[in-house]
Amino acid sequence: MTAYSLGPLLYEGKAKRVYATDQPDLVAVEFKDDATAFNAEKRACLAGKGERNCRISALVFEWLEGRGVSTHYLGVEGDRWMLVRPVKVVPIEVVVRNVAAGSLCRQLPIAPGTPLDPPLLDLYYKHDALGDPLLTEARLERLQLVSSGQLQAISELAMAVNRGLRELFGSVDLELVDFKIELGFAADGRLLLADEISPDTCRLWDRRISDQSDRILDKDRFRQDLGGVVEAYGEVLKRVQGVCAQPRVYR
């Protein structure tokens with residue numbers, strides 16, 4: 001029996017629905033089977049995708065918490081529901097790149113697959129109508145999105161997440177190419193990792209496979225019409241489950 005009652009829909013995004021509950025310090029997130037790419041110009045419904053992303057995200061959040069990363073995560077309920085703390089989302093998409101791929105290689109003369117050491121941190125303004133433009137320090141200051149102290153905290157948290165993810169995925173022969181995260185401030189002012197971490201938000205390559213297409217275990221399978229999207233996500237889940245405890249159930 002759940003310890004809360006579901007309230008009204010607060011927000012529906014491309015991959016999740018967020019609901020209020022009868023508890024002010026609790027929000028319920030439903031993971032959808034919808035898949036989108038190219039700013040939602042490409043769409044599909046992939047049965048089982050939401051369940052896999054929910055479970056992967058839960059396991060990853062718990063892994064990161066065990067390594068000192070503060071998150072909004074509280075627990076799961078059922079196959080595709082996650083319970084989280086409410087946060088005021090920072091309108092910045094944070095991207096960490098360990099290997100050159102995707103848009104970076106289209107925008108700069110860097111060959112795909114080039115290792116990036118140290119990792120590259122990119123910040124983008126979360127604004128669909130503007131195409132999520134890249135932010136410079138001067139643009140951040142102009143828009144007054146975050147203070148200099150908050151920007152430092154964002155950078156440190158992003159790199160802590162990267163270290164934790166590389167440890168986790170590396171232990172199961174997955175190459176963490178890059179990932180994007182969302183952050184938010186809790187009611188007590190703490191900066192928390194929010195949203196999800198899954199093959200929807202990470203580029204993951206299978207180190208056991210050399211073929212450049214077959215090794216892809218992330219959303220690029222959908223972007224590039226490679227097929228087997230849900231199966232690839234299932235492979236990531238299977239490997240992560242092999243080194244993580246079962247996610248905690250919210251009570």
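Mentor: Let's start with a rule: a charge sits over a ring if NZ of Lys or CZ of Arg is within 6 Å of the ring centre and within 35 degrees of the ring normal. This is a predicted model, where local features need pLDDT of at least 70, side-chain atom pairs count only at pLDDT 80 or more, and totals for chains, interfaces and linings use all residues. Residues are numbered from 1 along each chain as its sequence is written, and side-chain values use heavy atoms, with hydrogens and water left out.

Trainee: Thanks! Which residue lies over the face of W205?

Mentor: K42 gives one case of a charge over a ring, its charged end being 4.7 Å from the centre of F222. For W205, the distance to the ring centre is 3.7 Å, and the residue over its face is R215.

Trainee: Is N98 buried or exposed?

Mentor: N98 belongs to strand β9, residues 92-99 (helices, H or I of at least four residues, and strands, E of at least two, are DSSP runs numbered from the N terminus). Buried means under 20% relative accessible area, exposed over 50%, and partly exposed in between, with a 1.4 Å probe and protein chains only. Because its relative accessibility is 2%, N98 is buried.

Trainee: Against which elements do the buried residues of α6 pack?

Mentor: Those buried residues include V229, Y233, L237 and V240. Their packing partners are α1 (49-65), α4 (148-170), β11 (174-185), β13 (202-206) and α5 (220-223).

Trainee: How many residues apart in sequence are the parts that Y4 and Y250 tie together?

Mentor: Y4 and Y250 are both buried, and they form an edge-to-face aromatic pair, 6.1 Å centre to centre with 65 degrees between the planes. Rings of Phe, Tyr and Trp (its six-membered ring) pair if their centres lie within 6.5 Å; planes under 30 degrees apart count as stacked, over 60 as edge-to-face and the rest as tilted. Since Y4 lies in the segment before β1 (6-12) and Y250 in the segment after α6, the pair links parts whose separation in residues is 246.

Technical notes:
Contact means heavy atoms within 4.5 Å.
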